[in-house]
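Subject: Structure for your review

Dear colleague,

Please find below the structure I am handing over to you. I would be grateful if you could look through it alongside the notes that follow.

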Amino acid sequence: MAVTTSIEPFLTASGRPVSTPLKDVRTISRQMVVHFIENVVPCATLPGEALDGDVTTVTRVCLELTRSMLDGRDLPGRVERVQSAAADWAREGIPIDTIHHAVHEGFKLGFDLVITNVTNHDYDTVVGVARRLMDAQDMITSAVSAAYVRELRAVVSEHHTAVHTLTSALLGGQNTSTMARECGIEVADEYHVMALELPPHPEESEPGLNAKVVARRKLRRVQAELANRCDGKVLSLLSVDGGTLLLPATEFTEPELDELIVHLSTAAQVPVRAVVMSAAPGEIPRAAEQVHELVEIVHRLGGPSKVYRPHELAFEYQLTRPGPARDYLSSVVDSLEAHPELMQTLEVYMATNMQRSRTARKMFIHTNTVDYRLKRISQMTGFDLNDVTGLCYLRAALLIRAHRGTASSDISPDRGSRAG
């Protein structure tokens with residue numbers, strides 16, 4: 001970043017340039033670094049070579065830049081040196097607030113030195129000093145911030161690319177040992193393989209809003225929450241509709257997985273659903289395929305937001321497998337196709353755990369109407385809703401129908417009461 005500084009006259013106090021106390025920049029810079037160690041707490045944790053070398057050098061550069069501005073001079077290349085150091089600090093993980101705090105402390109010390117020779121008659125000089133010091137601090141903090149953020153973005157991009165590459169390799173069943181070393185990411189002995197479904201945000205259907213922008217914001221909130229909750233330990237491939245998470249099994253307990261989905265739902269502002277199972281690296285492709293099949297079932301059944309395990313969906317999964325039994329069960333409710341009010345009543349009745357009063361309230365009809373429709377359903381299908389066998393057959397038929405995406409109503413979250 002090239003910076004042009006306008007040339008202004010010397011500021012003087014008691015007949016001498018106010019910058020005089022800053023003349024010995026090497027000694028003052030070392031004194032300032034000692035002050036940083038004692039007063040800017042994180043600085044005390046930096047290695048000695050960093051303090052003796054880079055930090056002291058940059059402090060001297062900042063002093064030289066400030067002195068030149070007090071004298072109305074321009075020193076080319078000083079800002080670029082500060083930016084280079086800030087980029088290094090970003091890559092080393094030194095917090096930016098620590099850097100800014102150190103800069104602020106340095107200017108406080110510098111101000112005390114500069115006004116050493118100021119008298120009560122130098123009011124205009126003090127004002128000029130304050131303004132130029134503020135300009136110098138603004139220049140330095142802006143340079144630090146711009147370089148730090150630019151480098152941090154590059155670091156994040158590199159890490160994201162490495163994570164994406166390794167995750168894709170694990171999901172593709174590739175040999176990851178060499179790749180893991182190159183990426184600097186250790187491959188765990190076992191992972192929780194999680195399929196994630198992100199439903200559309202309500203604002204995605206708002207006429208005045210850009211649906212793609214809303215969806216991307218939802219995804220960014222989820223990614224930020226993952227970074228915050230998982231501390232870089234999760235491997236992920238996500239889109240606005242969902243994706244796959246690989247979480248080291250030794251790092252995340254089952255209750256923590258449940259808690260994670262609660263937080264992701266809050267961040268996404270939609271009910272997130274997930275299915276998880278554990279697998280060794282070589283078994284991840286098969287496990288990923290299975291959990292995605294199951295999360296699709298949960299989606300079609302309208303299950304509530306939570307983490308599902310395969311055993312919770314064994315009944316639903318088996319019903320959706322191709323075969324003569326599935327075809328027969330699916331045909332059980334074919335006779336209701338011409339009567340959508342009967343089909344919807346059956347769906348709501350099952351979703352409300354066979355409670356007539358709740359069914360009536362949800363459909364805004366009288367309970368007597370519910371009773372009449374249930375009787376008609378039994379007559380038309382040949383399966384009595386007051387009989388356990390009849391209930392099982394009709395429930396299975398609805399599950400298969402929902403899996404095929406032909407359900408007539410959208411009753412959620414109650415529709416998924418069985419799936420939960």
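Please bear in mind that the model is predicted.

Helix 7, spanning residues 211-230, packs against helix 8, residues 254-268, at an angle of about 145°. Their axes are 8 Å apart, and the crossing is right-handed. Helix 7 contributes K218, R221, V222, E225, L226, R229 and C230 to the contact, while helix 8 contributes L260, H263, L264, A267 and A268. Of these contact residues, seven are nonpolar, one is polar and four are charged.

The count of salt bridges comes to eight. One of them joins the side chains of E225 and R229, with an N to O distance of 2.8 Å. These two residues are four apart in helix 7, so about one helical turn separates them. E225 is buried, at 15% relative accessible area, whereas R229 is partly exposed, at 40%.

A network of salt bridges links E254, D258 and R309. The closest N and O atoms are 2.5 Å apart between E254 and R309. Because E254 lies in helix 8 and R309 in the loop between strand 7 (307-308) and helix 10 (314-319), this pair ties together parts that are 55 residues apart in sequence. For R309 and D258, the closest N and O atoms are 2.8 Å apart; D258 also lies in helix 8, and this pair ties together parts 51 residues apart in sequence. R309 is buried, at 14% relative accessibility, while E254 is partly exposed at 36% and D258 is partly exposed at 32%.

With kind regards

How values were computed:
Residues are numbered from 1 along each chain as its sequence is written. This is a predicted model: local features need pLDDT of at least 70, side-chain atom pairs count only at pLDDT 80 or more; totals for chains, interfaces and linings use all residues. Side-chain values use heavy atoms; hydrogens and water are left out. Axes are lines fitted to C-alpha atoms, for helices over the stretch in contact, and angles run from 0 to 180 degrees between N-to-C directions. A crossing is left-handed if the near helix is turned anticlockwise from the far one by less than a right angle, and right-handed if clockwise. Contact means heavy atoms within 4.5 Å. Ala, Val, Leu, Ile, Met, Phe, Trp, Tyr, Cys and Pro count as nonpolar, Asp, Glu, Lys and Arg as charged, and the others, Gly among them, as polar. A salt bridge is a side-chain nitrogen of Lys or Arg within 4 Å of a carboxyl oxygen of Asp or Glu. Buried means under 20% relative accessible area, exposed over 50%, partly exposed in between (1.4 Å probe, protein chains only).
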